[in-house]
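Dear colleague,

Please find below the sequence and structure that I am handing over to you. My notes on what was found follow directly after.

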Amino acid sequence: MHFSKLFIPTLKESPADAEVISHKLMVRAGMIRQLASGIYSILPLGLRVLRKVEQIIREEMNQIGGQEVFLPSIQPAELWMESKRWDFYGKELLRIKDRHNREFCYGPTHEEVITDIVRREIKSYRQLPVILYQIQTKFRDEVRPRFGIMRGREFMMKDAYSFHADEEDTRHTYSQMAKAYSNIFKRCGLDFKQVQADSGTIGGSFSHEFAVLADSGEDDIGFCESCGYASNLELAGSKPPAASTPPAAPQDLKEVETPGKKSVEEVAGFLNLPARQIVKTIILENENGLVAGLVRGDHEINPVKLKNLIGCEWLLPAGEEAISRHPGLHCGYVGPVGLDLPVYADHEIFALHDFVTGANKPSAHFTGVQVERDFKVKQFGDLRTVKVGDPCPHCEEGKYQVKRGIEVGHIFILGTKYSSLMKAVYLDQQGKESAMVMGCYGIGVGRTAAAAIEQNHDDRGIVWPLNLAPFQVIIIPVNYSDDEVKNACDTIYDRLQEIGIDSLLDDRADRLGVKLKDADLIGIPLQIIIGPKNLSAGQIEIKIRKTNESELRPYPQVIEDIPGILKGL
């Protein structure tokens with residue numbers, strides 16, 4: 001491709017609304033342009049990158065027996081009502097009506113559609129398992145779209161679905177898919193972690209995220225370098241506390257005045273106690289009403305862990321209005337003693353003695369509190385968010401590190417959540433009807449490309465991993481109108497095309513400085529710079545974008561060296 005023929009509208013300045021480097025650089029490099037909030041047009045250079053991500057995905061999906069389909073983006077409401085998600089999914093679901101006033105949605109995901117296809121066509125265990133995948137546009141009406149194509153409302157996604165006769169076969173495909181995902185992100189040149197994750201609105205019993213480590217990530221990833229355990233911080237497990245011996249003479253329960261002291265820090269300072277001796281009582285609300293969660297004062301409660309422990313559909317911090325409707329609750333002074341709500345406690349509370357809680361009246365706390373004697377706990381569990389330096393629950397010597405991560409892929413075991421509701425059944429070997437067991441596997445195509453930029457850039461622009469680069473080589477003539485320079489450029493370009501190396505020839509009449517700045521901005525891995533002075537000495541300059549190192553190589557022998565140079569990048 002010749003630069004003068006390619007639509008690459010580069011910019012010198014970053015857009016004012018761009019918050020992360022990938023958004024800034026993709027706009028500046030002429031890869032994307034915003035049409036509306038969270039909706040982007042993908043321009044030729046950007047599309048070349050996305051197509052390379054897609055090709056890697058296709059190759060790995062096909063390798064494990066996936067078959068590609070292409071499903072409608074507009075989905076009838078009836079399918080979503082069957083799965084019970086029409087009302088549950090919320091405002092992210094873009095709902096529309098056709099001319100006959102029938103309700104549809106623009107698909108944010110395709111569990112319902114694929115299940116409808118399979119239940120119509122598969123009737124016997126002999127037809128299972130099957131893996132179907134697609135690469136297609138999705139729409140989720142995010143309340144705050146941001147970060148360019150990393151968190152847009154309209155986005156390109158690979159979603160795969162597997163159908164099985166039993167859980168064991170599902171787990172086998174799940175393992176295959178996890179390996180395929182690791183291969184995909186390795187081939188994309190990404191530094192990533194496979195982390196335990198919550199299933200969210202997709203549902204299911206078991207899931208993992210694939211997170212690219214980057215400061216701009218929206219998720220916190222807890223991981224242990226010693227044993228390799230990694231998890232989204234929402235689910236990262238804390239080590240159970242060591243057994244503790246109750247005091248021989250436990251304190252009596254005593255109410256003390258704490259005028260205006262609401263926070264853990266204020267109460268601890270007022271009573272001259274460490275924060276670990278204060279127990280926080282957090283009031284949350286789910287579909288069944290209010291519940292209380294207890295956690296040590298030096299820790300934070302984890303609502304996702306508590307939701308999973310309770311087994312409820314949703315769980316959110318209770319607002320002041322909901323709390324005010326309960327006569328025994330006073331914000332800042334809530335405690336479990338005498339509390340007429342279900343109480344769930346972090347497992348570290350069981351090891352505490354003579355601790356402090358709110359007294360359920362203004363400006364008062366209880367001291368000398370004991371579990372069981374003074375209040376009952378409905379259930380203990382791991383309910384806190386882990387911190388840097390906490391001991392790893394899976395090995396003896398490891399400690400948690402926490403880094404930001406960008407979710408680029410997510411795999412789920414769905415079980416029979418959708419197949420039972422939508423009657424996707426098969427006949428087993430005994431002729432008995434059973435619901436199919438499902439798996440679901442997604443990759444954000446645009447998000448993967450953006451995450452690659454977040455990990456690979458410098459102050460001059462993008463530094464693409466070789467397999468994702470829109471072109472692998474850019475040929476930059478100092479003066480393309482010079483006959484000898486032009487002949488050398490054309491010779492190299494034609495030869496690289498013959499051997500299948502994606503190359504861009506910058507044939508523009510611009511100054512060399514402009515061409516070099518654009519080449520650095522776009523991030524093509526290998527630059528070949530050809531000028532009359534070096535050429536007259538039988539040499540051309542080879543420059544590596546990632547390291548900024550350059551050297552003179554003999555021409556024309558260098559042409560045959562280029563595949564080897566690229567292989568070493």
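Helix H2 passes helix H11 in a right-handed crossing. Please bear in mind that the model is a predicted one. H2 covers residues 44–63 and H11 covers residues 445–455; the two pack at an angle of about 110 degrees, and their axes lie 9 Å apart. That angle makes H2 roughly perpendicular to H11, because angles of 65 to 115 degrees count as such. On the H2 side, the residues that meet H11 are Val49, Leu50, Val53, Glu54 and Ile57. Their partners in H11 are Val445, Gly446, Thr448 and Ala449. By class, this contact comprises 6 nonpolar, 2 polar and 1 charged residues.

Helix H5, residues 111–121, concerns burial. Of its 11 residues, 8 are buried, so H5 is largely enclosed by the rest of the structure. The buried residues are Glu111, Glu112, Val113, Ile114, Thr115, Asp116, Val118 and Arg119.

I turn next to the aromatic rings. A search of the whole structure finds 10 aromatic pairs. One of them joins tryptophan 80 and tyrosine 89: the ring centres are 5.5 Å apart and the planes stand at 85 degrees, so the pair is edge-to-face. Tryptophan 80 is buried, with a relative accessible area of 0%. Tyrosine 89 also counts as buried, because its relative accessibility of 8% falls under the 20% cut-off.

A further pair is formed by phenylalanine 350 and phenylalanine 380. Their ring centres are 5.2 Å apart and their planes are at 80 degrees, so this pair is edge-to-face. Phenylalanine 350 sits in the loop between strand S17 (343–346) and strand S18 (355–358), whereas phenylalanine 380 belongs to strand S20 (residues 379–381); the pair therefore ties together parts that are 30 residues apart in sequence. Is phenylalanine 350 buried or exposed? With a relative accessible area of 53%, phenylalanine 350 is exposed. Phenylalanine 380, at 26%, is partly exposed.

Finally, ring pairs link Tyr181, Phe185, Phe192 and Phe210 into a cluster.

With kind regards

Definitions and conventions
Residues numbered from 1 in each chain as written. Predicted model: local features only at pLDDT ≥ 70, side-chain atom pairs only at ≥ 80, totals over all residues. Heavy atoms only, no water. Axes fitted to C-alpha atoms, helices over the stretch in contact; angles between N-to-C directions. Helix = DSSP H or I, 4+ residues; strand = E, 2+ residues; numbered from the N terminus. Parallel < 35°, antiparallel > 145°, perpendicular 65-115°, else oblique. Left-handed = near helix turned anticlockwise from the far one by under 90°. Contact = heavy atoms within 4.5 Å. Nonpolar A, V, L, I, M, F, W, Y, C, P; charged D, E, K, R; others polar. Phe/Tyr/Trp six-rings, centres within 6.5 Å; stacked < 30°, edge-to-face > 60°. Buried < 20%, exposed > 50% of the residue type's maximum accessible area, 1.4 Å probe, protein only.
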